[in-house]
Amino acid sequence: TQQPSAVAPNSWRGIMRINCDFAHSSYDDPIVFPGQAGAAHLHRFYGNTLLDENSTLQSLFTTGESSCQGNTLNRSSYWIPALVAPSYAPGTNTRLTDANGDPAWKVVPAVVGNDDVAHEIFYYSAGVSNLSSIQPIPLGMKMIAGNHMSMPGMDQDTSIVRWHCQSWESSDATNPRWSTSIPRCVAPDRLRMDIFFPSCWNGTDLDSADHTSHLAYPVASGNQTVCPASHPVPIMRVSYHYAWGVLPDFYDPATRSSAGWRLASDMYT
(Lines give C-alpha, C1' and ligand atoms only; values in the text may rest on other atoms or scores of the structure.)
Protein backbone atom coordinates (compact mmCIF):
# COMPACT_ATOMS: atom_id res chain seq x y z
CA THR A 1 0.00 0.00 0.00
CA GLN A 2 3.02 2.29 0.08
CA GLN A 3 3.82 4.45 -2.92
CA PRO A 4 7.06 6.39 -3.48
CA SER A 5 6.75 10.15 -3.46
CA ALA A 6 6.84 11.98 -6.77
CA VAL A 7 10.26 12.90 -8.12
CA ALA A 8 11.41 16.48 -7.82
CA PRO A 9 11.31 18.57 -11.03
CA ASN A 10 14.32 17.94 -13.30
CA SER A 11 15.64 15.19 -11.06
CA TRP A 12 17.06 11.94 -12.38
CA ARG A 13 14.31 9.60 -13.54
CA GLY A 14 14.15 5.94 -14.39
CA ILE A 15 17.50 5.11 -12.85
CA MET A 16 18.81 1.56 -13.04
CA ARG A 17 21.96 1.05 -10.97
CA ILE A 18 24.43 -1.78 -11.46
CA ASN A 19 27.29 -2.57 -9.10
CA CYS A 20 30.32 -4.18 -10.72
CA ASP A 21 33.43 -5.47 -9.02
CA PHE A 22 36.87 -4.98 -10.53
CA ALA A 23 37.45 -7.66 -13.19
CA HIS A 24 41.01 -7.16 -14.41
CA SER A 25 43.55 -4.60 -15.60
CA SER A 26 45.52 -4.42 -18.84
CA TYR A 27 46.99 -2.13 -21.48
CA ASP A 28 44.28 -3.14 -23.99
CA ASP A 29 41.38 -1.21 -25.54
CA PRO A 30 39.17 -3.14 -28.01
CA ILE A 31 37.47 0.09 -29.16
CA VAL A 32 40.45 2.35 -29.85
CA PHE A 33 43.09 -0.35 -30.51
CA PRO A 34 41.21 -3.47 -31.67
CA GLY A 35 43.48 -6.49 -32.14
CA GLN A 36 46.52 -4.65 -30.75
CA ALA A 37 47.68 -6.15 -27.46
CA GLY A 38 49.27 -3.70 -25.04
CA ALA A 39 48.74 -0.66 -27.28
CA ALA A 40 46.71 1.46 -24.82
CA HIS A 41 47.34 3.17 -21.52
CA LEU A 42 46.55 1.16 -18.40
CA HIS A 43 42.82 0.45 -17.98
CA ARG A 44 40.71 -0.93 -15.14
CA PHE A 45 38.00 -3.23 -16.53
CA TYR A 46 34.63 -4.11 -15.03
CA GLY A 47 32.01 -6.56 -16.28
CA ASN A 48 33.02 -9.27 -18.73
CA THR A 49 35.98 -11.13 -17.26
CA LEU A 50 37.44 -12.21 -20.62
CA LEU A 51 37.50 -8.83 -22.35
CA ASP A 52 40.71 -8.18 -24.26
CA GLU A 53 41.87 -6.43 -27.42
CA ASN A 54 40.12 -9.03 -29.61
CA SER A 55 36.68 -8.88 -27.97
CA THR A 56 33.62 -8.48 -30.18
CA LEU A 57 29.87 -8.33 -29.68
CA GLN A 58 29.69 -12.07 -30.31
CA SER A 59 32.44 -12.92 -27.81
CA LEU A 60 30.87 -10.75 -25.12
CA PHE A 61 27.53 -12.48 -25.58
CA THR A 62 28.88 -16.01 -25.52
CA THR A 63 32.01 -16.13 -23.34
CA GLY A 64 33.18 -15.01 -19.94
CA GLU A 65 31.68 -14.51 -16.55
CA SER A 66 30.74 -11.02 -15.36
CA SER A 67 31.89 -9.09 -12.30
CA CYS A 68 28.57 -7.21 -12.33
CA GLN A 69 25.39 -7.99 -10.42
CA GLY A 70 23.48 -10.70 -12.26
CA ASN A 71 26.69 -12.25 -13.60
CA THR A 72 26.04 -13.43 -17.17
CA LEU A 73 22.78 -11.45 -17.39
CA ASN A 74 25.09 -8.50 -18.07
CA ARG A 75 28.22 -9.38 -20.00
CA SER A 76 28.77 -5.79 -21.09
CA SER A 77 32.22 -4.36 -20.44
CA TYR A 78 33.03 -1.04 -18.81
CA TRP A 79 36.46 0.50 -18.38
CA ILE A 80 38.34 3.66 -17.43
CA PRO A 81 41.99 4.73 -17.40
CA ALA A 82 43.58 3.67 -14.13
CA LEU A 83 43.96 6.36 -11.48
CA VAL A 84 47.62 6.42 -10.40
CA ALA A 85 49.49 8.08 -7.55
CA PRO A 86 53.19 8.92 -7.18
CA SER A 87 54.99 6.13 -5.34
CA TYR A 88 57.08 7.12 -2.30
CA ALA A 89 59.45 5.17 -0.08
CA PRO A 90 57.46 4.11 3.01
CA GLY A 91 57.47 6.72 5.76
CA THR A 92 59.40 9.28 3.68
CA ASN A 93 58.93 12.00 1.07
CA THR A 94 61.38 10.27 -1.26
CA ARG A 95 59.93 9.49 -4.68
CA LEU A 96 60.65 5.96 -5.86
CA THR A 97 61.78 5.15 -9.39
CA ASP A 98 60.86 2.26 -11.63
CA ALA A 99 63.13 -0.21 -13.48
CA ASN A 100 63.81 2.41 -16.16
CA GLY A 101 64.82 5.06 -13.65
CA ASP A 102 61.62 7.04 -14.19
CA PRO A 103 59.37 8.26 -11.37
CA ALA A 104 57.29 5.33 -10.14
CA TRP A 105 53.49 5.22 -9.93
CA LYS A 106 50.99 2.88 -8.32
CA VAL A 107 47.33 2.26 -9.03
CA VAL A 108 44.86 3.72 -6.54
CA PRO A 109 42.01 1.24 -5.91
CA ALA A 110 38.45 2.51 -5.71
CA VAL A 111 36.69 2.10 -2.36
CA VAL A 112 33.25 1.85 -0.82
CA GLY A 113 31.87 1.62 2.74
CA ASN A 114 34.66 1.64 5.31
CA ASP A 115 37.35 2.08 2.65
CA ASP A 116 36.98 -1.52 1.49
CA VAL A 117 38.16 -2.16 -2.05
CA ALA A 118 34.91 -2.95 -3.78
CA HIS A 119 32.54 -2.35 -6.64
CA GLU A 120 31.98 0.62 -8.92
CA ILE A 121 28.56 1.94 -9.78
CA PHE A 122 27.19 2.19 -13.31
CA TYR A 123 23.89 3.96 -13.94
CA TYR A 124 21.42 3.83 -16.80
CA SER A 125 19.11 6.84 -16.63
CA ALA A 126 17.21 9.45 -18.64
CA GLY A 127 19.17 12.14 -20.45
CA VAL A 128 16.20 13.89 -22.10
CA SER A 129 12.91 15.25 -20.78
CA ASN A 130 10.59 13.10 -22.90
CA LEU A 131 10.96 9.73 -21.20
CA SER A 132 8.74 7.90 -23.70
CA SER A 133 11.12 8.81 -26.53
CA ILE A 134 14.12 6.99 -25.01
CA GLN A 135 15.22 3.88 -26.92
CA PRO A 136 17.31 0.92 -25.74
CA ILE A 137 21.02 1.08 -26.49
CA PRO A 138 21.47 -0.82 -29.78
CA LEU A 139 23.34 -4.11 -29.56
CA GLY A 140 27.00 -3.66 -30.42
CA MET A 141 27.08 0.06 -29.62
CA LYS A 142 30.54 1.35 -28.75
CA MET A 143 30.79 4.63 -26.90
CA ILE A 144 33.45 6.79 -25.31
CA ALA A 145 32.78 9.68 -22.95
CA GLY A 146 34.93 12.74 -22.67
CA ASN A 147 38.13 13.75 -24.41
CA HIS A 148 41.38 12.19 -23.23
CA MET A 149 43.30 14.79 -25.27
CA SER A 150 41.90 17.62 -23.14
CA MET A 151 44.66 19.75 -21.63
CA PRO A 152 44.82 22.31 -18.79
CA GLY A 153 43.07 25.43 -20.05
CA MET A 154 40.91 23.30 -22.38
CA ASP A 155 38.70 21.91 -19.65
CA GLN A 156 35.74 19.67 -20.39
CA ASP A 157 32.38 20.73 -19.04
CA THR A 158 31.46 19.21 -15.68
CA SER A 159 28.28 17.86 -17.27
CA ILE A 160 30.57 15.31 -18.99
CA VAL A 161 33.32 14.58 -16.44
CA ARG A 162 33.34 16.03 -12.95
CA TRP A 163 35.41 15.57 -9.80
CA HIS A 164 34.99 16.61 -6.17
CA CYS A 165 36.25 15.88 -2.68
CA GLN A 166 33.80 13.78 -0.75
CA SER A 167 33.71 13.68 3.04
CA TRP A 168 31.35 11.90 5.42
CA GLU A 169 29.57 15.22 6.03
CA SER A 170 29.16 16.14 2.36
CA SER A 171 26.06 15.69 0.22
CA ASP A 172 26.39 15.00 -3.49
CA ALA A 173 22.99 16.64 -3.97
CA THR A 174 23.56 19.97 -2.25
CA ASN A 175 27.16 20.94 -1.59
CA PRO A 176 29.81 19.49 -3.90
CA ARG A 177 32.31 21.85 -5.49
CA TRP A 178 32.61 20.34 -8.95
CA SER A 179 36.03 20.47 -10.57
CA THR A 180 37.06 19.84 -14.18
CA SER A 181 40.33 18.31 -13.00
CA ILE A 182 41.47 16.17 -10.08
CA PRO A 183 41.22 18.33 -6.94
CA ARG A 184 43.55 18.10 -3.97
CA CYS A 185 41.52 16.12 -1.43
CA VAL A 186 42.90 15.72 2.09
CA ALA A 187 42.67 12.53 4.16
CA PRO A 188 40.28 11.08 5.22
CA ASP A 189 38.21 12.47 2.34
CA ARG A 190 37.57 10.57 -0.85
CA LEU A 191 38.10 11.67 -4.41
CA ARG A 192 34.92 11.23 -6.44
CA MET A 193 34.60 11.08 -10.24
CA ASP A 194 31.41 11.00 -12.33
CA ILE A 195 31.46 10.37 -16.08
CA PHE A 196 28.33 10.95 -18.18
CA PHE A 197 28.13 9.35 -21.61
CA PRO A 198 26.41 10.89 -24.64
CA SER A 199 22.79 9.77 -24.94
CA CYS A 200 21.73 10.96 -28.40
CA TRP A 201 22.35 8.69 -31.41
CA ASN A 202 22.42 9.44 -35.13
CA GLY A 203 20.17 6.43 -35.64
CA THR A 204 22.50 4.72 -38.11
CA ASP A 205 26.01 3.94 -36.86
CA LEU A 206 27.07 1.75 -33.96
CA ASP A 207 30.56 3.24 -34.08
CA SER A 208 32.49 5.96 -35.93
CA ALA A 209 36.09 6.64 -36.91
CA ASP A 210 36.71 8.71 -33.76
CA HIS A 211 34.32 6.53 -31.70
CA THR A 212 32.34 9.63 -30.71
CA SER A 213 30.78 11.24 -33.81
CA HIS A 214 27.86 8.80 -34.00
CA LEU A 215 26.70 10.09 -30.60
CA ALA A 216 26.04 13.50 -29.07
CA TYR A 217 25.01 15.04 -25.79
CA PRO A 218 21.48 16.42 -25.27
CA VAL A 219 20.88 20.16 -25.55
CA ALA A 220 18.50 22.60 -23.85
CA SER A 221 15.41 23.73 -25.75
CA GLY A 222 13.31 26.08 -23.67
CA ASN A 223 12.62 24.27 -20.40
CA GLN A 224 13.18 20.86 -22.01
CA THR A 225 16.28 18.75 -22.65
CA VAL A 226 16.23 17.26 -26.14
CA CYS A 227 18.50 15.57 -28.66
CA PRO A 228 20.02 17.75 -31.39
CA ALA A 229 18.71 17.39 -34.94
CA SER A 230 21.98 15.77 -36.03
CA HIS A 231 21.49 12.96 -33.50
CA PRO A 232 17.72 12.68 -33.11
CA VAL A 233 17.39 9.30 -31.33
CA PRO A 234 17.50 9.42 -27.51
CA ILE A 235 19.03 6.34 -25.89
CA MET A 236 19.52 5.46 -22.23
CA ARG A 237 22.22 7.55 -20.59
CA VAL A 238 25.15 5.61 -19.15
CA SER A 239 27.20 7.09 -16.32
CA TYR A 240 30.08 5.83 -14.19
CA HIS A 241 30.59 6.77 -10.53
CA TYR A 242 33.85 6.09 -8.71
CA ALA A 243 35.31 6.99 -5.32
CA TRP A 244 38.96 6.63 -4.24
CA GLY A 245 40.08 6.85 -0.64
CA VAL A 246 42.80 9.37 0.22
CA LEU A 247 44.64 6.76 2.26
CA PRO A 248 48.21 6.59 3.66
CA ASP A 249 49.34 4.03 1.09
CA PHE A 250 48.55 6.43 -1.74
CA TYR A 251 48.43 10.03 -0.55
CA ASP A 252 51.20 12.60 -0.88
CA PRO A 253 53.14 12.23 2.40
CA ALA A 254 53.88 15.95 2.76
CA THR A 255 50.25 17.10 2.44
CA ARG A 256 48.28 13.89 3.21
CA SER A 257 46.34 14.67 0.05
CA SER A 258 45.71 13.51 -3.51
CA ALA A 259 48.36 15.92 -4.82
CA GLY A 260 50.03 14.43 -7.89
CA TRP A 261 47.31 11.89 -8.70
CA ARG A 262 46.48 11.52 -12.38
CA LEU A 263 44.78 9.21 -14.83
CA ALA A 264 46.94 6.83 -16.84
CA SER A 265 45.74 8.65 -19.97
CA ASP A 266 47.23 11.99 -18.81
CA MET A 267 50.42 12.41 -20.79
CA TYR A 268 51.28 16.02 -19.88
CA THR A 269 53.56 17.05 -17.01
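**View 1. Ala85 meets its bridge partner, Lys106, in β6.** This is a predicted model, in which local features need pLDDT of at least 70, side-chain atom pairs count only at pLDDT 80 or more, and totals for chains, interfaces and linings use all residues. Residues are numbered from 1 along each chain as its sequence is written, and side-chain values use heavy atoms, leaving out hydrogens and water. Strand β5 (residues 83-86) pairs with β6 in the antiparallel sense over three bridges. Strands here are DSSP E runs of at least two residues, numbered from the N terminus, and two of them pair if DSSP finds at least two bridges between them.

**View 2. Three strands make an open sheet in the order β6-β5-β18, with antiparallel pairing.** β6 (105-107) and β18 (262-263) stand at the edges with a single partner strand each, so one side of each has no neighbour in the sheet.

**View 3. Here is the largest nonpolar core, with 36 residues.** Such a core is a set of buried Ala, Val, Leu, Ile, Met, Phe, Trp, Tyr and Cys residues joined through side-chain atoms within 4.5 Å; buried means under 20% relative accessible area, with a 1.4 Å probe and protein chains only. Those with the most contacts inside the core include Tyr78, Met193 and Tyr240. β17 (237-245) is among the elements that give two or more residues, and β17 gives the most, with four.

**View 4. Tyr240 has its own set of contacts.** Leaving aside neighbours within four places in sequence, Tyr240 is in contact (heavy atoms within 4.5 Å) with residues including Trp79, Phe122 and Ile195.

Technical notes: Buried < 20%, exposed > 50% of the residue type's maximum accessible area, 1.4 Å probe, protein only.
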